[in-house]
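I opened my notebook to look up a few features of one protein chain.

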Amino acid sequence: MKGKEKGSVFSILILLGVSHMFNDTLQNLVQAVYPMIKESLALNFSQIGIITLVYQMAASIFQPIIGAYTDRKPQPYSLPIGMTFTMIGIFSLAFASEFTHVLFSVFFCGIGSSIFHPEASRLAHMASGGKRGLAQSIFQVGGNFGGSLGPLLAALFIAPYGQQNIAWFSIISLVSIGVMLYISKWYKHRLLYIKANALPKEESKVEKRGGVLTKKVVFTLSILLLLIFSKYVYMSSLTSFYTFYLIEKFGVSIGQSQVYLFIFLFAVAAGTFLGGPIGDRFGRKYVIWFSILGAAPFALIMPYADLIWTCILSVIIGLVLSSAFSAILVYAQELLPGKEGLIGGLFFGLAFGIAGISSAIFGNMADKHGIEYIYHIAAFMPLIGLIAGLLPNNKATAIEKE
């Protein structure tokens with residue numbers, strides 16, 4: 001790849017990270033305003049869990065379908081279309097006055113996320129220049145940093161002034177659509193270039209053989225999906241209920257709880273950035289194993305800690321646990337080359353779906369047993385990381401050669 005083209009591709013990768021930041025800032029804003037919505041609409045924890053379930057299911061069920069479709073028929077303008085759905089959802093949420101209206105709003109936000117992630121993940125793969133772990137980390141860290149901004153912005157601009165101030169965040173959507181249109185234009189030209197310089201038939205056959213679902217590939221994908229399950233069940237306990245936990249156990253204000261949530265989510269962003277390049281250098285299996293299993297002792301201690309140590313432990317958990325996702329996603333994409341959209345949609349979709357179902361279950365638990373009970377139960381989930389030892393030691397792409 002020529003120097004000029006490398007620079008162009010890297011700039012697209014950075015813009016993808018920025019787009020992911022805008023997208024996830026708005027998506028996490030939804031969860032950040034839960035305490036305000038719960039109070040203003042007199043909702044219980046079960047209803048908060050249902051809101052999260054509707055949002056996360058809308059953000060998950062359609063992702064593999066969209067990913068599989070765009071693998072066959074890439075859609076260059078799917079990013080701004082997805083953001084348009086999110087903008088409608090955010091604006092609607094600002095004026096939601098009843099439970100069903102909230103469900104409608106978060107459903108639109110979820111659909112926006114479903115449309116955005118599969119094609120954006122494929123674009124990150126396309127713009128990686130061979131450094132796939134680094135590329136996914138840049139893409140993911142944009143999303144996680146944006147996710148950490150959601151609660152901070154909610155604490156600064158929404159909590160003091162009221163729910164209707166959410167509408168101002170539609171401006172972020174408009175800015176993001178402008179950035180995404182530029183990316184979409186590059187993507188369209190890139191697709192035309194690839195079509196005009198199609199691989200020779202023999203190379204195409206080799207590439208297709210690499211994407212076949214053998215028993216070993218299915219087994220490895222199953223392990224990776226179980227690891228995603230353990231990671232996101234535990235993560236959902238923090239992203240959906242951490243603010244309520246801090247408010248109930250330590251008596252902090254809504255604004256203070258959102259600042260603590262921001263600190264945790266910022267640690268998640270930092271961990272995500274580190275996971276990809278470390279996986280490129282030392283092997284993805286070791287990053288995955290360390291990340292999920294390594295969070296277990298800190299998760300088991302946290303329910304017994306005071307406020308300061310709870311914050312410190314949540315930062316360590318965020319750093320360690322989040323480093324796995326980029327490595328898991330690239331590992332899976334290398335198993336099935338040419339199906340990056342399907343894999344991106346499947347793994348993002350599963351992550352969101354698990355988070356939604358877990359939130360509904362945790363919400364019901366909180367109503368019956370109290371908010372602290374959630375963290376005593378969820379703390380055991382990272383122990384599932386033990387199964388990472390079953391992953392092959394060699395590169396994922398080498399599996400088919402055995």
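My entries below cover salt bridges, a cavity, a surface patch and one backbone angle.

**Entry 1: salt bridges**

I noted at the start that this is a predicted model. Then I looked for charge pairs. Side chains of opposite charge can pair when their charged atoms come close. How many salt bridges did I find? The count is two.

I took Asp-71 and Arg-122 to begin with. Their closest N and O atoms are 3.0 Å apart.

Next I looked up the pair of Arg-122 and Glu-119. Here the closest N and O atoms are 2.5 Å apart. These two are three residues apart in helix 6, so about one helical turn separates them. I wrote down that Asp-71, Glu-119 and Arg-122 are linked in a network of salt bridges.

Are these residues buried or exposed? I checked each. Asp-71 has 18% relative accessibility, so it counts as buried. Arg-122 is at 8%, so it counts as buried too. Glu-119 is also buried.

**Entry 2: a cavity**

I turned to empty space inside the model. Rolling a probe the size of a water molecule over the atoms shows where empty space is left. The structure holds two cavities of 30 Å³ or more.

Which residues line the second largest cavity? I listed Asn-28, Gln-31, Ala-32, Pro-151, Thr-239, Leu-261 and Leu-265. Helix 1 (3-32) and helix 11 (254-282) each give two or more residues to this lining. Helix 1 has the largest share, with three residues. By type, the lining has four nonpolar residues, three polar ones and no charged ones.

**Entry 3: a nonpolar patch**

I then checked the surface. Ile-61, Phe-62, Ile-65 and Phe-107 make a nonpolar patch of about 370 Å². I picked out Ile-65, which lies in helix 4 (residues 62-72). Its relative accessible area is 54%, so Ile-65 is exposed.

**Entry 4: a positive phi**

Last, I looked at backbone angles. Most residues other than glycine have a negative phi. Ala-42 is not a glycine, yet its phi is positive, about 55°. Where is Ala-42? I found Ala-42 in the loop between helix 2 (34-40) and helix 3 (45-58). Ala-42 has 65% relative accessibility, so I marked it as exposed.

Key. Residues are numbered from 1 along each chain as its sequence is written. This is a predicted model: local features need pLDDT of at least 70, side-chain atom pairs count only at pLDDT 80 or more; totals for chains, interfaces and linings use all residues. Side-chain values use heavy atoms; hydrogens and water are left out. Patches are made of residues with over 30% relative accessible area and no salt bridge: like charges are joined within 9 Å, nonpolar side chains (Val, Leu, Ile, Met, Phe, Trp, Tyr) within 5 Å. Accessible areas come from the Shrake-Rupley method with a 1.4 Å probe; for residues, only the protein chains shown count as cover. A salt bridge is a side-chain nitrogen of Lys or Arg within 4 Å of a carboxyl oxygen of Asp or Glu. Helices (H or I, at least four residues) and strands (E, at least two) are DSSP runs, numbered from the N terminus. Buried means under 20% relative accessible area, exposed over 50%, partly exposed in between (1.4 Å probe, protein chains only). On a 1 Å grid over the protein atoms alone, a cavity is a set of points where a 1.4 Å probe fits but cannot get out, and a pocket is an open set with protein on both sides within 12 Å along at least five of seven lines; lining residues have an atom within 4 Å of a point. Grid points are joined across faces, edges and corners, and a volume is the space filled by probe spheres set on the points. Ala, Val, Leu, Ile, Met, Phe, Trp, Tyr, Cys and Pro count as nonpolar, Asp, Glu, Lys and Arg as charged, and the others, Gly among them, as polar.
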